[in-house]
Amino acid sequence: MTPVELSRTVLCAVRRAVDDGELDVAVPGRADVVPPGPGGCGDYASSVALKLARPAGQPPLRVAEILRRRLAQSDGIGDVVVTGPGFLNISLRGSGDSLVREILRRGQRYGHADRPTGQLVRLHAPHEVRAVVVMDAVARLLRSQGALVRTSCAARPEPAWTDLLNLLGVEVDAYGIPETPAPAPASTARHVTLRPVPATPPAEHDLTPLGRDAARWALLHPAAHDRPRITADHLVQRESNPLFRVRYAHARTRALSRNAADLGFHAEPGDVDPRGDTRAVVREPGVRQTPVHDATPLCHALADHPRVLQAAAAHHAPDRLARHLVVVADAVLPFLVAVLPRGAEKPSAAHRARLALAEAAGAVLAGGLSLLGIDAPEHL
């Protein structure tokens, strides 16, 4: 169950409580679910009971208990615990198993819309290199969420400009000033002009040595209101470079799959305790037992991917996706050391399940990089 699906489940619990007459409130449009804070437990937490208490005229703990009983009966919910003044702490049933299966089934399209929405979005960018790269990434994000997108740029397609766009992997459907949109409801299209803070001149010349991947990352990773840094730092292969960490994490997941095949086993989604599997520890003579690394941050980051894609598309903010990929990479890299057997250890169900989780992370990283127009290497 993804955070989006869990949010709908929480809203359904509120609606049932209202229909049964236990709560006299207007059903909110959304219910935020987030990782539990200090003192919390489970996979996710929601403060919806605290927000509904005053309109309902009841104490928060009473509202939380009403919702807890209904949530505990919902499909996919393992347990619900009320903590603090009225936080709902929700544990999902088989959450890691089902999440990994869903990601591996969808592959790089995990988080994409199942079908076209019929919405037409016309994106326009001024004659500026960062604007057109952001427009290209926003178009990819909107298409991933089912929209039909057309792009235009104010520049003329001169040879030097065309060569630069080819270097950056940008495709523009039309050039010139877009036509004035017809008044609604005659036109169902949305017209959006993207104006991020431009790159420092002469960015066109500075981008060429970076190549496509590093140049796009340099322009897309900062928020639209921040000025991007066009430096060679985006090429260095060390931990301080976020792009390197993301691409390295993906390459490591692919290497693990190859190494596992050499050892004679493959990925198989299973019940991986996100807090560490006590059945699977390193047991070597004279070596202290080392528990599997906590996979909770990784599971949360992977489950949050569809919401991040929706938000990045809706707010025309590819930087949200770029920062999310860094979060996924930073969560998966410590986990990868526990995937393969060590020493005389034989591959077990736990190893296959952890490999499946690593491959799911690799699919999310590859899919996210693709939406940013950046290559996800098999080797690095």
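**Group meeting: a walk through the model**

Hi everyone. The protein has 13 helices and seven strands; helices (H or I, at least four residues) and strands (E, at least two) are DSSP runs, numbered from the N terminus. This is a predicted model, where local features need pLDDT of at least 70 and side-chain atom pairs count only at pLDDT 80 or more, while totals for chains, interfaces and linings use all residues. Residues are numbered from 1 along each chain as its sequence is written, and side-chain values use heavy atoms, with hydrogens and water left out.

Let's start with the inside. Of the 380 residues in the protein, 50% are buried. Here buried means under 20% relative accessible area, exposed means over 50%, and partly exposed is in between, with a 1.4 Å probe and protein chains only.

How many residues does the largest nonpolar core have? It has 109, and those with the most contacts inside it are L67, L123, L298 and L302. By nonpolar core I mean a set of buried Ala, Val, Leu, Ile, Met, Phe, Trp, Tyr and Cys residues joined through side-chain atoms within 4.5 Å. Helix 13 (residues 349–371) gives the most to this core, with 12 residues.

Take a look at L298. Setting aside neighbours within four places in sequence, L298 is in contact (heavy atoms within 4.5 Å) with V328, A331, V332, F335, L357 and A361. Now on to C299, which lies in helix 10 (residues 296–303). C299 is buried, with a relative accessible area of 12%. C299 and A360 are 61 residues apart in sequence, yet 9.8 Å apart in space, C-alpha to C-alpha.

Next, please find helix 6 (residues 159–168), whose buried residues are W161, L164, L165 and L168. Seen down the axis of helix 6, these buried residues fall within an arc of 95°, so they line one face of the helix; the arc is that of the directions from the helix axis to the C-beta atoms. The face turned away from the buried side of helix 6 carries the exposed residues P159 and D163. After helix 6 comes G169, whose phi is positive, near 70°.

And what does helix 6 meet in helix 8? N166, L167 and L168 in helix 6 meet R212, A215 and R216 in helix 8. Helix 6 and helix 8 (residues 211–220) pack at about 90°, with their axes 8 Å apart. The axes are lines fitted to C-alpha atoms, for helices over the stretch in contact, and angles run from 0 to 180 degrees between N-to-C directions.
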